[in-house]
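This report looks at charged pairs and at one part of the surface. Please keep the sequence and the model at hand while reading.

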Amino acid sequence: MAEEVLITTPGKITSHLTASLLAVAFLTSFGSSMLYGFNLAVVNSPAGYIKDFYNRTIVSRNGSGLNEEALTLMYSLTVSVFAIGGLMGSLMVGMLVTKFGRKGTVVNSTVLVFIAGSLMGFSRICGSPEMVIFGRFVTGIHSGISLSVVPMYLGEIAPKNLRGFLGLMPSIFICLGVFTAQILGLHELLGKEEYWPLFLALVVVPTFIQLMLLPWFPESPRYLLIEKHNVHATIMALKWYRSKCNIQAEIEEMQEEQRTLSSVKTVSVWRLLLDSSVRWQVLSVVIINIGMQLSGIDAIWFYTNDIFENAGIPAPQIQYTTVGTGAIEVIAGLIGCFTIERLGRRPLIIGGFGCMGVCCAGITLSLILQTHVSFMKYVSVGCVVGIIAGFCIGPAGVPFLITAELFTQSHRPAAYTVGGSLNWMSNFTVGFVFPFLQMSAGSYCYLVFCGICMAVAAYVFFIIPETKNKTFVEISQMFASKQGIMESQLLTSPDQLKLRKMNGYGTLENGSLEFDSSASTS
C-alpha cells in the first residue's frame with residue numbers, strides 16, 4: 001500500500017531552506033566539524049607552556065630534564081598524533097555509517113570528544129604528558145570520522161537545489177574553529193600558562209550542545225529508505241526536513257535509486273576500487289582529496305609568521321595579524337557557501353585551485369626578489385592572503401561535497417573512507433616532508449605546490465562535470481555514459497552484446513543494447 005501511495009506523477013524536486021535543515025546543518029557543523037579546525041590551531045599558542053609542563057614532569061620523574069631535541073620531538077608527537085588519529089577515524093567511517101546510520105554515527109562519536117577533553121583537561125593535575133598526547137589522538141579519531149560523516153549526512157538530507165549550500169557549511173565551521181582557537185589563544189584571554197589545560201578541553205562545550213539537541217532530529221531519509229527499507233520513517237523524516245510541499249516526487253526519485261541498487265549491497269573499499277563502473281568517480285575523489293592537502297595550505301600556515309616578520313610586522317603584533325588571516329578564512333568560506341548554488345561546484349574548485357597556484361608562484365617570486373625590491377615583502381603577504389582565501393572559497397569544502405554527489409547510496413560510505421584516508425595521509429605527508437623540501441629547494445619549494453594546484457584545476461576542468469541541481473542518479477548516469485562511450489570504442493565484434501554491468505549506476509541509453517538477430521537464432 002505504501003508503494004501505491006508514494007508513486008505519483010513526477011514533480012520538480014526543489015525545496016526551500018527550512019528551520020530544521022538549518023538547525024541540523026548548524027548542530028552537526030558546530031559540534032563536530034568546528035572541532036577539527038579548533039584542534040588544528042589550539043596547540044600553537046600554548047606550545048611553550050606545554051613544553052615546560054613536559055620538561056617539569058620528566059624532571060620530577062627522573063631527576064633530569066629533556067634536551068632540546070627530545071622536547072621538540074615530544075611536542076611534535078603531540079601535534080602530529082592528531083593526524084594519525086584522523087587517519088584511523090576515516091578508515092572506520094564505512095563500517096560506522098552502515099551500522100549506526102549518518103546521524104547515529106555523529107551522535108555516538110561524541111563520546112570520543114568527552115574522553116579526549118577529560119584526558120587533556122586533567123593532564124596537568126595528574127602530572128601526565130601521556131594524557132595530553134593520547135587525548136590529541138582520540139580527538140583526531142573523532143575529527144577523522146566527522147570530516148566524512150557530516151558532509152555525507154548533510155548531502156543526503158538536503159534537496160538537490162540546496163545540497164551545495166548545506167554541503168559547504170562544515171567547511172565554514174572548520175574555518176570558524178581555527179579562528180576561535182586563534183582568538184582564545186591570545187594572551188589577554190586563554191593564552192596564559194595557567195589556562196592551557198582548559199583551552200585544550202574546551203572541545204567538550206560545542207559537542208555537549210550537539211549531544212543535547214541533535215538526537216531529536218531524524219536520520220537521513222535516503223539511509224532509512226534505501227538501506228533500512230523503512231518507508232514510514234522516510235516519510236516522517238522528509239516531512240520534518242521539508243516545507244509544506246509535495247515530497248512524493250523526492251521519494252519517487254529515491255525509490256528509483258533503490259530499484260537500481262536492488263541487487264547491490266553496500267560495497268567495501270576493496271570492491272569499490274575494483275568496480276570498473278565507478279572508475280572515473282574514484283579517480284576524481286582520489287585526485288581532489290590528495291590535491292586539497294598537497295596544495296600547500298599547511299605549508300603556508302607553517303611559514304606565515306616568518307613571512308609576516310619579513311614584511312616588517314613587529315613580533316608582538318604577529319599574533320593579531322594571524323587572527324586577521326583567520327577572519328579572512330571565515331569570510332572566504334561564507335562567500336563560497338552563498339555562491340555555490342549560483343555558480344556551481346566547478347567554478348569554485350577550479351578558481352580556488354587556480355588562485356592558489358598563481359599565489360604560490362607569487363610567493364616564490366617575492367621571496368627571491370624581496371632582497372632587491374623592497375615592496376616585494378608586501379607582495380608575499382598578499383599572496384599568503386590569496387592562498388588562504390582561494391583555499392577556503394572552494395578546495396576546503398567542495399571535495400567533501402563532491403564525494404557525496406559522485407556516488408549512489410551503495411558506494412558512498414566506501415568512497416568517503418577512501419577520500420578521507422587519503423586526505424589525512426596527505427596532510428601527514430606534507431607536515432613531514434615540507435621542512436626537508438624547504439631546506440633543499442628554498443624559495444622554489446612553493447613551485448611544487450603551484451604545479452599540483454594547476455594540475456588539479458585542469459583535471460576538474462576536463463573531467464568532472466557540473467553536479468549542481470542534479471540528483472545522485474543523474475550524476476551517476478553522466479559518468480556511466482562517459483565510461484560507456486570509452487568501452488563501446490573497444491567493442492569491435494558486430495554480434496557482441498553491448499550491455500555492460502552497471503552495478504546500479506546509470507540506465508541503458510537508447511541504442512546501447514545492440515543485438516544481432518542472427519546470433520540469437522544460432
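## Terms and basis

A residue is called buried under 20% relative accessible area, exposed over 50%, and partly exposed in between, with a 1.4 Å probe and with protein chains only as cover. The model is predicted, so that local features need pLDDT of at least 70 and side-chain atom pairs count only at pLDDT 80 or more, while totals for chains, interfaces and linings use all residues. Residues are numbered from 1 along each chain as its sequence is written, and side-chain values use heavy atoms, with hydrogens and water left out.

## A nonpolar surface patch

Met212 counts as partly exposed because its relative accessibility is 42%. Met212 belongs to helix H13, residues 204-213, where helices are DSSP runs of H or I with at least four residues, numbered from the N terminus.

Together with Val205, Phe208, Ile209 and Leu213, Met212 makes up a nonpolar patch on the surface, and the accessible area of these residues together is about 430 Å². Such patches consist of residues with over 30% relative accessible area and no salt bridge, nonpolar side chains (Val, Leu, Ile, Met, Phe, Trp, Tyr) being joined within 5 Å and like charges within 9 Å; the areas come from the Shrake-Rupley method with a 1.4 Å probe, and for residues only the protein chains shown count as cover.

Side chains of opposite charge can pair when their charged atoms come close. With a salt bridge defined as a side-chain nitrogen of Lys or Arg within 4 Å of a carboxyl oxygen of Asp or Glu, the structure holds 8 of them.

Arg61 counts as partly exposed because its relative accessibility is 43%, and Glu130 counts as partly exposed at 41%.

## A buried network

Arg102 and Glu156 also form a salt bridge, in which the closest N and O atoms are 3.0 Å apart. Arg102 lies in helix H6 (residues 102-108) and Glu156 in helix H9, so the pair ties together parts that are 54 residues apart in sequence.

Glu156 meets Arg412 in a further salt bridge of 2.8 Å, N to O, and this pair links helix H9 with helix H24 (residues 412-441), across 256 residues. Glu156 counts as buried because its relative accessibility is 2%, and Arg412 is buried at 0%. Through shared partners, salt bridges join Arg102, Glu156, Glu227 and Arg412 into one network.

Notes: Helices (H or I, at least four residues) and strands (E, at least two) are DSSP runs, numbered from the N terminus.
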